[in-house]
Amino acid sequence: MSTAIEQQVEGFQNQFTAVKKEIAKVIVGYDDIIECAIMALLASGHVLLEGVPGLGKTKLVSTLSEVVHLKFSRIQFTPDLMPADITGTNIVREGEKGEKVLEFQTGPIFANIVLADEVNRATPKTQSALLEAMEEQTVSVGKTTYKLEQPFFVLATQNPLEMEGTYPLPEAQLDRFFMKLKVEYPTAGNMSTILNRTTRLEEPHVTRVLDGPQILDMRKTVRSVPIARPIQDYAVRIMMATHPNTPLSNPLSTRYARCGSSPRGAQALVVGGKIRALLNNRVYVSCDDIRAVAYGALRHRLLLNFEGEAERIDTDTIIKGILEATPETI
Amino acid sequence: MADKELIIGLLERVRRRVRSERRFKTIYAILSIALIFPLVFKLIDLISAFRGITVVILLGLWAVATATWLIWRTRGEETLSQAAANVDRAAQLQDQMKTAYWFIRHPSTSEWVDVQLERAIQKAERLKVETLYPGSIPKTFHRAFALMAVFVILNFLPLSQNHNWFYLQGAPPFQLSRTDQALVDRAKKLLEKTEAAEELEKIISELQQGKISSDAAQQQISDLRQEIDGGNLELNNILDGLSAMANQLRQSEPLESTAEAMSAGDLGEAADQVRGIAEKLGVTPADVLREMQKNMSQAATNSPSALQHLSRLMKEAAEAMKNDPEAGKVALDNLAQAMEQLAQKMKGQQQQSQASQQLADLQNSLQQEAASERGAEDAQLTPIPSQGQGAGGESGDSSPNGTPSTGNSSGNGQGSQAAAANSSELGAPEDLKAGEMTKLDVQLKMEGLKGQAAKGGPPQDIEEASKQERSAMDYRNVPSQLSPAQKDALNQNRLPREQREIVKYYFEEIRPRAAATPIK
């Protein structure tokens, strides 16, 4: 019995590693980001990638879609993009008998992997079109609700909020992302490799190593990993510490945060922890796992107050303070 | 289930180990802080000694506080969950034991949990508690040990002012100053093997133990001095008698040197002279013998009661000399022996007199210390009765012809009176203005001087100070009764502002009235 589980864990690790390895053929560096993106896929979550233009965010997503054998669509968010352009719309079509019928024309959201490129260039109204799809995995048009095919995975990229012509994502939208990953500039060594790969005649090719059913199996494996109550409590304490003015608040949160993480944050901590445990050949979650995913899972759920904004406090700083101050056991 | 017990057993062992380690660390940490306090107290004690009761209270409070702190900090036990977390940290198991213990306590049907427990059991089998928690001496142990060592060393330092707190020693309630202690030591040495020495020892002991107050001690010392000085009265009588006998014996030429020695109070020398006379008795002319016999008889007759034994022997010697030279020789030897015994007795009494002087100084010192405690002003205004009235009054008045030591007492007493009057003047100028002329109410006795005829004869000038009035002690050795401030005031060339009016008034008072006419 235990051998079956160990084989399951081993298979999970192999598949994960294979995907990561294939992506790494195209994407140079960003190992953590690749790993977190795959983790979000396996955690039934979505990823928000933030970084200045030209760092390979879109390339990362498109490569991921190539590695997994899934239906991929890309939506380029622009200020004039309408919600119907994402979800789809009813069109009037002539029937077989010549009658006029309304037919739903699906939008690009009806795919397994959706790349919402430069999501913060669209208006909040359009951004909100993703809300239902991301959380309920359904799309409602008129009186009809359409279920999205599983696995459904949204990868959104956004430019830093300070840039011209951007609309900050609403809190509800942000909260639906499993992780927010910050794409930084590549190192000089990585830059050289990037140039080698992208400025020559032949370009790297990736092979598909994972399909939809496999992803769904991996998702089940993730959910099977047990977590002891003390570890779960630790995740809860971390999540609660992000809230200002509560008994478990961290002083940094109290000072700089307007609003803390929702329960989705704690869910992200636990599920992310489970995936990390599997990757480390463990069948239980440890506090280290929780800490490892804390930044990605919580940084976009912490909303700064005026003082935090004025002092340009990074939410990662608050999370770091929380992780340092929160005891593993009480 | 037995496998799960393996994990529980491991956690139990870890818990015991962690608990003992924590307790040791806590104990040493607390001691390394708590020991600072008695150490600081001890350092203060070396500078300004605490009394025994203070030491006991301080150490008691410290012990109670430290014990309470220790109990408070070491109470409570680690749970197995804490032990699991501890072993996870020590062996870097990433919460494996914590999770396993949780699932042991909260069983689950999940196969994943079984796998987790199985792995945890395998790990627990390999773990060695002794390796995970090697015995080590905490850093605080060294600090606590060093503090304790310093504390012990400080207590056993061979210093005169040091008191060993391990024996609950403390400063006596009353601490004699070095000067006072020296006075006591000298007095005890002078009163060696006498009841007075034991009495003095008892008074000082009770004073230091706080059984009697400083005032009571002064009173008891005063009583002791009166007791000692009681013998001095007899000594004075003896000296008077010896002087009278010497005056009589001086009439006879062979007895002149004996009389001289007796007059000087040197009975040892007088005894030698008597033995010399006895040796020459066989060759002494009869008329000289008769004269000697006559003067000795008269001297014996006029002797005071204190010299009855000596005078009886002298009378017997005179009688024996008249009848038989051999018997006279024996009688003179007996007289010489009696003189030596008396000399011994006088020496003892002189020592007692000196001891009395030491006690007077001690009494005065104690009084000054008490006065300084009550207030500097009181100390200045209070007259010092021990010298002016005690020593001077007792020995000076009663024995104007006393021994040098007795005379010294008298002189000291007068000096004290002067000092007291001085301080009274300095302290209260209005009293000085209202004062009247005073004089010494002393009637000096006539005294016989060497070379002066007993009766008749031409008068002669003697360029020599009276023997009785000459002090045996150098005036520089007489202890001053003035306070340092008063000494400073006397040594200043400039007059202090507050004393100028007194001086002006003094010179106005002594200015001749005729010269008081204003100059035009």
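Visitor: What should I know before we start?
Guide: This is a predicted model, where local features need pLDDT of at least 70 and side-chain atom pairs count only at pLDDT 80 or more, while totals for chains, interfaces and linings use all residues. Residues are numbered from 1 along each chain as its sequence is written, and chains are lettered from A and ligands numbered from 1 in the order in which they are written.

Visitor: How many helices and strands does each chain have, and what makes something a helix or a strand?
Guide: Chain A has 15 helices and 13 strands, and chain B has 22 helices and 0 strands. Both kinds are DSSP runs numbered from the N terminus: a helix is H or I with at least four residues, and a strand is E with at least two.

Visitor: How much of each chain is buried?
Guide: For chain A, 44% of the 330 residues count as buried; for chain B, 30% of the 520 residues do.

Visitor: How do you know which residues of chains A and B are in contact?
Guide: Two residues are in contact if their C-beta atoms, placed from the backbone, lie within 7 Å. Going by that, 19 residues of chain A are in contact with 19 residues of chain B. On the chain A side, the elements giving two or more residues are α1 (2-26), α10 (229-241) and α13 (287-298). By class, that side has 10 nonpolar, 4 polar and 5 charged residues. Here Ala, Val, Leu, Ile, Met, Phe, Trp, Tyr, Cys and Pro count as nonpolar, Asp, Glu, Lys and Arg as charged, and the others, Gly among them, as polar.

Visitor: What makes a set of residues a nonpolar core?
Guide: Its members are buried Ala, Val, Leu, Ile, Met, Phe, Trp, Tyr and Cys residues joined through C-beta atoms within 7 Å. The largest one has 115 residues, and A:Ala37, A:Val47, A:Leu155, A:Leu269 and A:Ile290 touch the most other members. Helix α2 (residues 31-42) of chain A gives the largest share, 9 residues. Another core lies apart from it, with 38 residues, including B:Ala299 and B:Met346.

Visitor: How do you know that α12 of chain A reaches close to its expected span?
Guide: The expected span is 1.5 Å times one less than the number of residues. Helix α12 (residues 263-279) has 17 residues and reaches 24 Å from its first C-alpha to its last, close to the 24 Å expected. This helix is mostly covered, with 13 of its 17 residues buried. Just after α12(A), A:Asn281 takes a positive phi of about 60°.

Visitor: What joins A:Gln150 and A:Pro151?
Guide: A cis peptide bond, with omega about -5°. A:Pro151 is in the loop between β8 (144-147) and β9 (153-158) of chain A.

Note on methods:
A residue is buried if 20 or more other C-beta atoms lie within 10 Å of its own, exposed if 12 or fewer, and partly exposed in between; C-beta atoms are placed from the backbone.
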